[in-house]
Every structure is written in structure tokens, then in C-alpha cells.
Amino acid sequence: MPVITLYWDELERMVGVERERILERLPMLGCDIERVEEDYIDVEFFPNRPDLYSVEGVARALRGFLDVEPGLKEYSVKDADWKIEVAESVLEVRPRIIGCVVKNIKVDDEIIRSLMQIQEDLHWTIGRNRRKMAIGVHDLSKVYFPLRYEGVTSDFSFVPLDYDEVMTVEEILSKHPKGVEYAFILEGKDRFPMIIDSKNEAISFPPIINAEKTRVTEKTTDLFIDVTGFDENVDKALNILASMFFDRGGEIQSVEIVYPDRRERTPNLNPREFSVKKEEVYGLLGLRLSDNEIVKAFERMRYGVEVKADSFKVKVPAYRADIMHSWDLIEDIAIGFGYDRIEPVYPETNTIGLTHPWFEYRDLAREIMLGLGFLEVITFTLTNEKHQYDYMNRKAKPWEDFVPLQHPLTEDHTILRTSILPSLLEVLSLNKHHPLPQKIFEVGDVVVGKLNRLKVSAVITHSKANFSEIRSVVQAFMKEIGFEWEAEETEGTKDGAFIPGRGADVIVAEKKVGSFGEIHPEVLERFDLTTPVVGLEVDLSALFDTGELI
Amino acid sequence: MMLSPIEVTLVKSLEVGVEYPLAQAAKLSGMSKDAVLKAAHLLQEKGFAEVISKTEREYFLTEEGDDYLERGLPEQRLYELLKKGEDEVDDLKNKLGREFGIALGWLRKKGIVEVEGKLIKLKKEAEFEERIILRKIKESSEVPETKLKELLKRKLVSFNERKDIFVKIIKKPETELKEVIKDLTQELLISGEWKGREFLRYDVKIPSKVIYTAKFHPYERIVRECRKIFLEMGFTEIKGNFVQSSFWNFDALFQPQDHPARDMQDTFYLDEYMELEENYVRKVRETHLNGWVTGSTGWGGSWSLDTAKKLVLRTHTTAITIHHLANNPEPPVKAFCIDRVYRRESIDATHLPEFDQLEGVVLDKDVGFRHLLGLLREFFLKMGFEDVRFRPGYFPYTEPSVEPEVYVEGLGWIELGGAGVFRKEVTEPLGIKGKVLAWGLGMGRLAMLRLGMKDLRKLYQPDIGWLREIPAIRK
């Protein structure tokens, strides 16, 4: 989630409230304060509020929230003659472009800092790393209208930002740092989006890089902003930017977009209208607020609101990209009212508590193992084939037995375990420096063929650990869980984890449900173990109905 | 009188009144020197024996002493020269060299000579027994202490000290020697022989050998505590498979298909697909695209069935709770789940690729956000957090959303999980009738607070030493 740096002098000046009060109330607007310094604060805002990714946006919200200037703020757009023609050739690649012009703005360090921050955060959030939306900001005086937005071939060339020589599209994508970084978005395309002015010079190659010639400097007073992409995400971004410059005192002028089959004029900063039913508010909040309280809460959150008989007519500012549903507005009522002013009430919903059989059997097995003198451990279920099978002299097949991860992060974690025993051997290996004997167990999940199973496993290590010791444990365990069982010698070829003649399968009703024995020295060697180990593993899911798994 | 077996043995082995060197006493009693000493001390406390410690000096000649033994003491040599009539100081000085001063000093001190000008006058006869004593010492013969004093002072003789221990039985116990009982055996009990006898008294203050408790993992005790709270509050426990479809993990929760959380960077996917219930799929798809009948605008764009079918290691237990609610859409439902989830993250002190999550949901008709806050307050109160406060939060599938914080002494306000009311875009396509209050938290955070841990890895990478040391009691 984006972390925004807000400088106190700017914020205090723009909000008109001293920092102590801002600091106290800001979290109740919905954010995490990451760091408080003498000059600035770092604040993490949620991904649903891109309008708060600039000091202008935060100040605007706080002026409402702190009762300095509650209610809807009017944003006006002046119609003007700026025009962009969209060519057929670009529709396949990146079909939407919109824009606006900002007049009479003093471009100083403050604005540049704020603009760079919000541009980056919008690219990341709404833009999904520029894939869905990308912004270009230009010095209007260097841009010659009308503009053409078209799909060019890879030999098209211009001077990209931060360079002083002409480069082709192909060169930019392979050499320019931004080209290299974002080339993935245009991979496989034979046409490339380009905004070209009436002097036939490129001003921007979205979503990669602007042209050097329209660079914004401290001498810039008027801006042209383009936003390209696919859908309404471009409008969300442009509205946020236009509102921000309007708040800075700029005049917003519209741009006409001429598509082959239609025309549109952007930005549209008129508020959207939503209707919120009163009953819906009471129901969702569980709180019967008065009309007046609700209106006040809406206005604190900078909405325009009109009270009707059963509902509220709410004007939602154009910069609020997150409002999809009336419930989004009801949340804002709660925030505007103040979460800290809502008295919590325990619900009367009356139900009877019920445990799940899985955990009942798990607890039963844990209790028995504890009684047999074993210490409980917990281990990861993520593991790898080497530890699970190769080390254990065992074999298994992907999907049939174990689940392989498609994109593992490390060699240690490539599959989900089907057996707990290897995990316990790893634990012993890591704990060789602790006094012997060591007796540990785990009752937990394994995943066999995509489904969870409940298994118990235990190991004992000390200098005289032997078969009869672990057989005693298995005998006791099986007796406690109430099963008649037989031991059947494991053939070395079938389960190489145990010493031949000292390993056995646990057979219940002619079905194998587990195994135990003296761990084969080959296995011990691989786990770097130097004292004898005996172990057991029993599949509880094979013995009990462990209940419905979702 | 209570005598231990070793005391009895010792008393029986030695004569009264004889001082036995330790080694001899050990030989006679057939016990080790340590055991004899222990028994002798015990007997001494009771007045039957004496442990005598003697310090013996072993004298030997220093280098100088050796030299004088061979050549005679300087004063003796001077005396002999004087006897021969030599009395000139300068001549004698030449003959005795550096030792002249020592020699003259001693003769004058003993009143044997006087110095008159440049002449030394012999005043009386003298005897020099020092040389004899030196010889005796050299031969390790007995020499009276008094005679050694001067030689020790002159550093002609030195000594080593040797400590010898002797055991002497002063008297034998009057009553018949009867052993006290050390080990209470089956034979003693059956025969009744223990009657009338005393038991060996132990020193109860001596710590015994360390043994380790077989016990549950400390983290499991926290899980147990949470389960107990949910069950007390009337919740049903649910359990689901680790492998889920993306549909239940993401789509059913209104997470757009291009949401960053669904990136393969953050989520473990499996290269397999799962068939989905057609009825749910259609409605969820519509809701994503245009809001369906939920009153939402939806996310727009496109929605792919294959993306929804793709298998994933569940990234949260909400994949389970939402499916449970879809299976049980009629209110009231109260369910909880404490179980493993997976994130594609590198391991460090606060991040693990798998960890446990706790989650609770309440489905009912007449419940709202305020009741969610009530649930949270009650839950945290039962967990022992008395101060709870609420801040706005954001989760893609809840509206309103809230981040509860609890006050922890010494740490301040700590964010503990997240909560909210499931969006209509989540509940309506699945036919869930009513509002769903939901909250969850990472168990690791709780474990860190409870067990005072700084490193989450400790939970799943067991250190047997730590597990043995950490007490079972909740601190």
C-alpha cells in the first residue's frame, strides 16, 4: 500500500489546522501513520483511496473531516478547443486516451514533488504498474495542438525524456531505462501507442516515456496531462489529478477526444449521484442515527447530500474512485460520524458452539502422545521432494501423491508434505546439541492428492533407541485409540526408510494405516543424525471420520 | 542413634583410639577414601570419631644451604682462619671475598670476636652445629624445630607443607549397630523389617538431575485458548483443505482478477484446475463484471473462468468461511476457523510462507457494524486485552472495514487483525441471506505478544531447548 510523505508546513497551511489535531484525527480517517518527523509524516493510505495519494487530496479530506470546510466542493472545467484525434491503428494496442489542460499554475518544488509522488502511486495502484493506466504530464507551451494518438511502427523515432538524441521505439524499449522496465506491457505488439503534435513531433510514448521536448520545468505555467489505458480507470486517474491542480488554484480546461466513431470531452469533474436508503444505513451500521447526524457525517467526508423521505441523495465527487456501491457510502457515514463514537453492542445471534471432528481427533492423539512422554513440535507443511522422498528412500508421484507448487520461491519449499516423519527427522537434526533422549511428536496436516489428511508422527532418539521401544509406543497408541492392529514387516524395497527386518506397517482391517521402526542409517546419514532414531507415523484420517472438509 | 551404612562399616572396621591415615582406613573398611571421609565426618558430628588433619613440614636445603653444607658456613670458615692466627682484616677479606661481611657479622653477633682497628681478635672458643643440622636435613633426619629457626631465617633451609588426614574412632556406639534404611525395598516392606528402624535422612536442599516435561507446544496453548473462546461464544468450528480454487480464495470474495494480491509473486499457485459449481460461477462473474443485482457497479473489464478455476494454496481462511456460508446461507450462522494459510514470501523474523490465521463469522438478519464492534470487543476482552479501539480499515471484501487495536503495556496500541461486514457483492451471488460480520487475525502476532517472541520462525522451526525451557503456565 502506498506510503505518502506529507510535509507539515504544506499540510498545516492547506488544512488550516495545527499538526497536533491533524495527527490525532488522521488515523480515524483511515490510514496508518508510519513515521512522525519534525518536518514531515509518512502515512500509509489504503488502496481504495487513490485520491489521498497527494498532500492536496489529504488536505481536502481533512478540511471536511475536521469541520474546516465540510460538504461538497465544486470543481469546474472550462471548455476549450484542445483536441486529440485517435487513429484506428492504436485501438488494438491501448485504445483509450483522455486528457486535460491546466492553466495558470505556478510549478514550484512543492507541486513537482507532489505530482511525482501521486503519479508513481497512481501508476502502481489504479494503473497496475502502468498496464491499465499511464499518465503523461507536459509543458503546454511546447505542445502543438491538435494532437494525434496513433499506433506507430517500431522504427518511429523521437528524443525521449532524459536523452539528447533521437531514438527509435525499438531502441527505447531495449536501451532506455524506462523502456527496459516497462517493455513487458507492449510485448508482442507490432504497433506502439504514440501521441504526436501538429508539428509532427512525438510528445509521449505511453505507457513508457514522454518526449524530452515537453519536459516540465520551473518556468512552466500551463500543463497538458494525458492519460492512456483501456477503461474507466483512466478517468479515475485524470479526475484525481485535475482535482488536485484545481485545489492548487489552476484553471482546468477540457480536451476533446475524437475517435473514429465518437467524440468525448474530458475531464468530467461533475459529481456522480447515488441514492442511499435510510433503512440500509440503519441496518448496515446497526445504529439508528438521525438525519442530521448522517448529513453531518456525509459532509465531513466531503459529499453533497440531500435528505429525502426514505433516502439520501448523495453527490459523490469525481475524484472518489472507490465508490461502487451504496455500502461504500455507508462506511463513510461511519467514518464521518467517527468509529470511536459508535458504541459496540454484542449481537444477540444465538447459536450453539460445536467443535469439528478433525480437531477432536487431533486433540485426542495429542493427549495420548503427551501421556507417552513426547514433546510436541510444529513444523512447516511446505517442504521438498528431496527431504520427503529421496532422503527417506521413498518414492512418490506428483498430483497422485503430492502437490507441487507451480512457482516455488525457494528449493526448500516446492511441495506440500504427505508425511510428517521427515519433518521430525529435520527437527532432530537441528537439535543435536540438546541433551538426549529426545522424544518429539506432531499431529498435523499432510496433503495427499490435493486433500488434507490428519497424521500423527513421533520419533525417539538416544544411544539405545531400538525397535521394541517404538513398537511399545505404537502398541500403546493403537490401544488408546481403540483399534486392533497387526504389524507386517516392511520390505526394504517398499519402504526404505526403516532398517530391513526392523520396520513394520501398521495394518488395520487389512489396510495399511501407518508404519514404524528403526530409521535406516542411510536415512540418518542424509539428515546428518549420529544417534539411533526410531519413529512412527499413523494416518488418523484412515481410521476415523475426521469430518467435512470444505 | 542413626548411622548410615557407611558409618556402620567404618566403625566396625577400625580400632578405638588408633589414628589411621585415610588410605589405611579406606583399605581396612573396603570403602573409597571419599566414602571414609564422609562417614568419618558424620561420625565426628555424633561424637564417635575424630577427623584429624595434620600438616607436616618437609624441610630441604636451599641452594645456598647446599653450598654451605659442602664448604662450611662463612663464619665457620672465618673462625678457622682466625684460629690459625690470621687476624688482618684486609687479608681475611681477600680470602673470604663477598662472604667476609656475613662471616664477621655472625661471629660478632655470637660474641666470638671483636674488631680492633685492622685486626680481629678471637675472644672465645666456638662450636658450629649449623653444619651438622644442614647435614641432618639433607639426610631427612629428624631435627628439632627450634634449631631450624635461624637457618630458615638465613634462607639456608626451606620446606613444603603436606596435609595428612587421620581418622580415629573415639568410642563405639553403645547400642547394637543397626543400619538405617537407605532404599525402602519390597523385601523390607513384606518382611516388616523396616519397623523400628530409622530411615537415612537426605539433604532435601540438593537439586536433583534435570528432567524435561512432555508438553504441548506453547503456541498450541494459545490456539486452544482461542478455540475455547469461540466455542464459549457459540461458534461452530470449520475446517477446509489447504488446496483451494482461486474462485473460493479470491473471486467469491469480490477480489478483481487483476488484483495485485492475486499475482503469482504473492500467491502459491498450482498448475491444475478445479471444476466449480456453475450456479455460483455465473452470479459471481456477473457481479465482477457489472454488479449483477447487488447494486454495485462491479469491476468492469473481463472475467476469466480459467483464472477462477486455477488451484491455489489458500492465502487466507476466508476462503473456507465464505464457502461454509455459501453452503449454509440461512441465518443464524456463527462459525470459526483457526488454520494454516500460505503466502509467497521469503522467510524472515516477521514473515513466513505459511502461518495460522484465526477467523470468525456471524451471519444474521439484524446485525450490523456496531455488532461487529461488539463481537470484537468481547473476543479481545476474553483474550485478555481490556482496552480495544477501532480505526477505519480496508479489505476488498468488507464494507465497512475496521482495524481493531488493543492496548499492550509497554508497547502501546497494537493493530490486531482486521474486520468488516462482507460486501453485498460477496454475499448476494452466493445466496447468503443476511449480513455477515467477519474478523480475522494472524496467530503469529498473537503468539509474539503472548510468548514475548521477536522471531516468528521459532514457532515452526522447533528448538527443543526453547520448548523444554518455556514454562507451561501462561505468563
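Biologist: Among contacts in chain A between residues at least 6 apart in sequence, what percentage join residues at least 24 apart?

Modeller: This is a predicted model, in which local features need pLDDT of at least 70 and side-chain atom pairs count only at pLDDT 80 or more, while totals for chains, interfaces and linings use all residues. Residues are numbered from 1 along each chain as its sequence is written, and chains are lettered from A and ligands numbered from 1 in the order in which they are written. Two residues are in contact if their C-beta atoms, placed from the backbone, lie within 7 Å. Of the contacts in chain A between residues at least 6 apart in sequence, the share that joins residues at least 24 apart is 71%.

Biologist: How many residues of chain B are in contact with chain A?

Modeller: On the side of chain A, 73 residues take part. The number in chain B is 73.

Biologist: Which element gives the most to the side of chain A that touches chain B?

Modeller: Helices (H or I, at least four residues) and strands (E, at least two) are DSSP runs, numbered from the N terminus. Several elements of chain A each supply at least two residues to this side, including α9 (278-285), α12 (357-371) and β22 (438-448). With 7 residues, the element that gives the most is α11(A).

Biologist: What radius of gyration does chain A have?

Modeller: The radius of gyration is taken over C-alpha atoms, and the globule rule is 2.2 Å times the number of residues to the power 0.38. A compact globule of 550 residues would have a value near 24 Å. The C-alpha atoms of chain A fill a box of roughly 90 × 65 × 50 Å, taken along the principal axes. For chain A the radius of gyration is 33 Å.
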